[in-house]
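Open the model in your viewer and keep the selection tool at hand. The tour below goes stop by stop.

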Amino acid sequence: MDANQRIARIAAHLHPSNAQMEGGSVLERANCRAKGGAPGFKVAILGAAGGIGQPLAMLMKMNPLVSVLHLYDVVNAPGVTADISHMDTGAVVRGFLGQPQLDAALTGMDLVIIPAGVPRKPGMTRDDLFKINAGIVKTLCEGIARCCPNAIVNLISNPVNSTVPIAAEVFKKAGTYDPKRLLGVTMLDVVRANTFVAEVLGLDPREVSVPVVGGHAGVTILPLLSQVKPPCSFTKEETEYLTKRIQDGGTEVVQAKAGAGSATLSMAYAAVKFADRCLRGLRGDADIVECAYVESRVTELPFFATQVRLGRNGVEEIYQLGLLNEYERAGLEEAKKELAGSIEKGVSFIKK
Ligand SMILES: NC(=O)c1ccc[n+]([C@@H]2O[C@H](COP(=O)([O-])OP(=O)(O)OC[C@H]3O[C@@H](n4cnc5c(N)ncnc54)[C@H](O)[C@@H]3O)[C@@H](O)[C@H]2O)c1
Ligand SMILES: O=C(O)C[C@H](O)C(=O)O
């Protein structure tokens, strides 16, 4: 490769239009180099310039399982890409700006992470975001169906309880739906639950594991405190305090940010933790179990968050709820009532 070709290749990393100026072959060579130089997975972040998107992009650039990182947004994608691309880690980073570049951002991806959409302000519910975010998720999922129908999708955009059913309907319409590959990200609920439970028990949060089932909004967030590892017990007051704090974790951040958005940094951390587990599953690692909101038969509802085992095809196994105590059984009934409406709202948005 001569000097001009080397320069063109670097330009192609920064922006796909640079590659196109070189007739596309430069981008292909960059892809080859990425495959050969740093074996790993190709990951796209849609909404990469946002509050979650930026730290998520930074953390994914640090993940050794990632060889190619595509950053797509409708604003500021070139700036974030230029910035992230200077990090001396293995992944090759490319930026994509606006709808005309969506297909290029998605083509060939193994994993697509979607934090695109508006966040809450104080006084809003996640469902209040439906009006704007439903359309954004629909458009992005149509792109996934066209360009990378076999990719694993990690959907973060709220309201997750409805956006996952929206994505499923878009994929069904396109004839590409594989329920094993569509996962609503509820990892932040688990991360919060581990943190708050560890505080009460006086343990290191890294030693604590709390299954959180149901969905991702208010009472649909159901921590199973009777199944905490290491095994422990809580008083009634502790159970009520912890359940409410975990359910209201998002609102706690929204109020503290006072109009400047919702959780971004802890969400980026949780999203990367979850994406890393998905990539390990894709790689074939054994025993990768996490909570996620997926198509499910665990309850009578078509979607439900439980612990799932991740593997080469995405969700390989969905675990049952296990034994619930009376408090959790009552919470489950409440969660299901709200979830049913949110799922129906998402489905009918596409079917209408
Ligand atoms: N699942 C969870 O646990 C969880 C946690 C926190 C936040 N969220 C949700 O994540 C979403 C993003 O939150 P944020 O704080 O990063 O918001 P943000 O406003 O800071 O960033 C959103 C980004 O999406 C981009 N965007 C908008 N329309 C787009 C489109 N059509 N295509 C691509 N990108 C587009 C915006 O330009 C922006 O950069 C919100 O819906 C929020 O409620 C979910
Ligand atoms: O609370 C929000 O609106 C954002 C997110 O769903 C969260 O749980 O932090």
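Start at His216: one of its polar side-chain atoms lies 2.5 Å from an oxygen atom of ligand 2. Keep in mind that this is a predicted model.

A polar atom of the Arg192 side chain sits 2.7 Å from a ligand 2 oxygen. Next pick Asn158, where the distance from a polar side-chain atom to an oxygen of ligand 2 is 2.8 Å. The protein buries 95% of the 260 Å² that ligand 2 exposes when taken alone.

Now move to ligand 1. There are 28 residues around ligand 1, and Asn158 is among those that come nearest, along with Gly51, Ile52, Asp73 and Val118. Show backbone atoms here. A polar backbone atom of Val118 is 2.9 Å from an oxygen atom of ligand 1. For Gly50, a polar backbone atom is 3.2 Å from a ligand 1 oxygen. At Val185, a polar backbone atom lies 3.3 Å from a nitrogen atom of ligand 1. On its own, ligand 1 has 870 Å² of accessible area, and the protein covers 86% of it.

Last stop: two helices. Select α7, residues 130–147, and α8, residues 160–174. Their axes come within 9 Å and cross at roughly 35°. The crossing of α7 and α8 is right-handed. Show side chains: on α7 the contact includes Phe130, Val137 and Ile144, and on α8 it includes Ile166, Val170 and Phe171. The contact residues divide into 11 nonpolar, two polar and two charged.

Definitions and conventions. Residues numbered from 1 in each chain as written. Chains lettered and ligands numbered in written order. Predicted model: local features only at pLDDT ≥ 70, side-chain atom pairs only at ≥ 80, totals over all residues. Heavy atoms only, no water. Axes fitted to C-alpha atoms, helices over the stretch in contact; angles between N-to-C directions. Helix = DSSP H or I, 4+ residues; strand = E, 2+ residues; numbered from the N terminus. Left-handed = near helix turned anticlockwise from the far one by under 90°. Contact = heavy atoms within 4.5 Å. Nonpolar A, V, L, I, M, F, W, Y, C, P; charged D, E, K, R; others polar. Polar contact = N/O pair within 3.5 Å; in protein donor to acceptor, adjacent residues only side chain to side chain. Areas by Shrake-Rupley, 256 points an atom, 1.4 Å probe, with all protein chains shown as cover. Near = heavy atom within 4 Å.
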